[in-house]
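Here is a short note to go with the model. Please read it beside the coordinates.

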Amino acid sequence: METTDAFEPFSQRNDMFTRAFWDETVRSKLTDRFFGSYRMRASYRKGDGFRQKDFALRNASWIISDIVSNRSAAEGRREGFQAPIADDTPIATTKVEVDDPEAMSHEVKRIARFFGADLVGITDFDDRWLYTARVDTRDFSEAENALPEGLTSVIVLGHQMDQELVATYPSALAGAATGREYSHETSIIIQLAAYIRNLGYEAVPSMNDTALVIPYAIKAGLGEYARNQMVITPEFGPRLRFSKIFTNLPLSHDVPKPLGVQAFCNICTECADACPAKALPFDAPKTSSQSDQSAIQGVRKWTSDAKACFQYWVKLQSDCAICMRVCPFNRDYDRLRDRVWRALALGRMRKIALWWDKRSDRANRLKPKDWWSRSQ
């Protein structure tokens with residue numbers, strides 16, 4: 001990502017989800033009800049995708065993540081969200097000597113995939129993207145964002161969201177695609193961090209905490225930033241969650257791989273057109289306004305209206321990823337026709353690719369009741 005002279009590191013206390021607990025301009029009975037809906041206090045309704053079983057599947061999908069994130073609540077640490085995941089294993093007293101960082105990187109990627117990661121990239125430790133402070137969830141005050149000294153690398157992992165569930169956005173049912181990957185990534189990064197510690201090195205597993213993950217994913221060569229605020233990957237388009245591990249294990253680093261996504265997004269506004277909250281930009285990338293408290297300052301990029309987006313989530317009582325569903329890159333690249341489309345979209349024939357996409361039914365919403373009938 002391109003930083004400017006106005007760049008300022010970001011405090012996690014200002015992200016929209018955290019502001020919903022302390023900022024009276026954001027918090028309301030409706031936002032409290034939104035968070036409560038993940039704790040068996042949802043307002044079920046007759047609408048397709050918002051029935052009790054839809055919320056039941058969504059909330060069940062989060063359970064592994066919830067167990068870990070809640071275990072240190074008494075200390076004000078919501079692990080994986082407002083604090084890194086605590087060490088579950090000690091660091092071995094002897095170190096495995098690493099003579100070939102490139103070979104070790106291949107090994108780490110293989111182990112990450114063994115544990116279940118769909119994508120893995122490695123980049124250098126870049127403190128620009130660290131939060132200036134973490135959040136003490138007892139009173140939502142700022143707390144020290146401390147990491148061990150001497151960290152040199154960030155392992156970034158991508159976790160594919162279920163394509164059919166994503167097709168049911170917006171719905172509580174679709175939220176199970178998000179929750180499942182948070183639970184998956186919780187397990188995967190705890191296991192991979194334990195492997196690295198057993199080699200004798202530091203490993204700090206992290207999800208939404210500690211640092212912004214999107215810049216690291218781009219630096220690690222996993223994809224390119226898009227108008228919909230997501231990382232577009234050649235394997236899964238925007239349909240991923242990302243996690244990371246900070247380590248001092250000697251590793252070689254991947255490099256950013258511009259794909260042609262920005263050039264395509266420059267002519268495509270399908271996500272902005274479809275956004276019910278009108279939260280996505282139609283114009284070119286630019287630096288955020290100083291008045292936008294929940295946007296990092298001094299980075300030239302597409303920036304959403306986070307408050308408008310979140311308020312729509314609150315209205316739904318679930319997450320909305322319509323922008324992910326309608327994104328032209330949201331495809332099944334195991335199919336030849338979608339690989340052909342991708343080649344056109346990332347090259348000089350991007351206008352033809354956009355024309356082709358607009359005339360297809362690819363982005364049509366799958367009715368949640370039809371998802372349930374398919375599962376029988």
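**Notes on packing, voids and local geometry**

1. Second largest pocket, lining. The lining of the second largest pocket divides into 5 nonpolar, 4 polar and 11 charged residues. Ala, Val, Leu, Ile, Met, Phe, Trp, Tyr, Cys and Pro count as nonpolar, Asp, Glu, Lys and Arg as charged, and the others, Gly among them, as polar. The lining has 20 residues, and Gln163, Arg335, Asp361, Arg362 and Ala363 lie nearest the centre of the pocket. Its volume is about 490 Å³. Helix 6 (163-166) and helix 13 are the elements that give two or more residues to this lining. Helix 6 gives the most, with 3 residues.

2. Basis. This is a predicted model: local features need pLDDT of at least 70, side-chain atom pairs count only at pLDDT 80 or more, and totals for chains, interfaces and linings use all residues. Residues are numbered from 1 along each chain as its sequence is written, and side-chain values use heavy atoms, with hydrogens and water left out. Helices (H or I, at least four residues) and strands (E, at least two) are DSSP runs, numbered from the N terminus.

3. Void rules. On a 1 Å grid over the protein atoms alone, a cavity is a set of points where a 1.4 Å probe fits but cannot get out. A pocket is an open set with protein on both sides within 12 Å along at least five of seven lines; lining residues have an atom within 4 Å of a point. Grid points are joined across faces, edges and corners, and a volume is the space filled by probe spheres set on the points.

4. Cavity. The count comes to 1 cavity of 30 Å³ or more. The largest cavity has a volume of about 90 Å³. Its lining has 9 nonpolar, 1 polar and 2 charged residues. Among them are Cys265, Cys268, Cys271, Cys323 and Cys327. Helix 9 (261-265) and helix 10 (270-274) are the elements that give two or more residues to the lining.

5. Helices 13 and 14. Helix 13 (residues 336-345) and helix 14 (residues 350-358) pack at about 135 degrees, with axes 7 Å apart. Axes are lines fitted to C-alpha atoms, for helices over the stretch in contact, and angles run from 0 to 180 degrees between N-to-C directions. The two helices are therefore oblique to each other (under 35 degrees is roughly parallel, over 145 roughly antiparallel, 65 to 115 roughly perpendicular, the rest oblique). Arg337, Val340, Trp341, Leu344 and Ala345 of helix 13 meet Arg350, Ala353, Trp356 and Asp357 of helix 14; contact means heavy atoms within 4.5 Å. These residues divide into 6 nonpolar, no polar and 3 charged.

6. Helices 4 and 7. The axes of helix 4 (residues 63-70) and helix 7 (residues 175-198) come within 6 Å and cross at roughly 60 degrees. That makes helix 4 oblique to helix 7. Ile63, Ile64, Ser65 and Val68 of helix 4 touch Tyr182, Ser183, Thr186 and Ile190 of helix 7. The contact has 5 nonpolar, 3 polar and no charged residues.

7. Aromatic pairs. There are 23 aromatic pairs (rings of Phe, Tyr and Trp, its six-membered ring, with centres within 6.5 Å; planes under 30 degrees apart are stacked, over 60 edge-to-face, the rest tilted). Phe21 and Phe140 are stacked, at 4.9 Å centre to centre and 5 degrees between the planes. Phe21 is in helix 1 (residues 16-22) and Phe140 in the loop between strand 3 (134-136) and strand 4 (141-143), 119 residues apart.

8. Backbone checks. Most residues other than glycine have a negative phi, and most peptide bonds are trans. The Tyr169 to Pro170 bond is cis, with omega near 0 degrees. Pro170 lies in the loop between helix 6 and helix 7. Thr210 has a positive phi of about 70 degrees.
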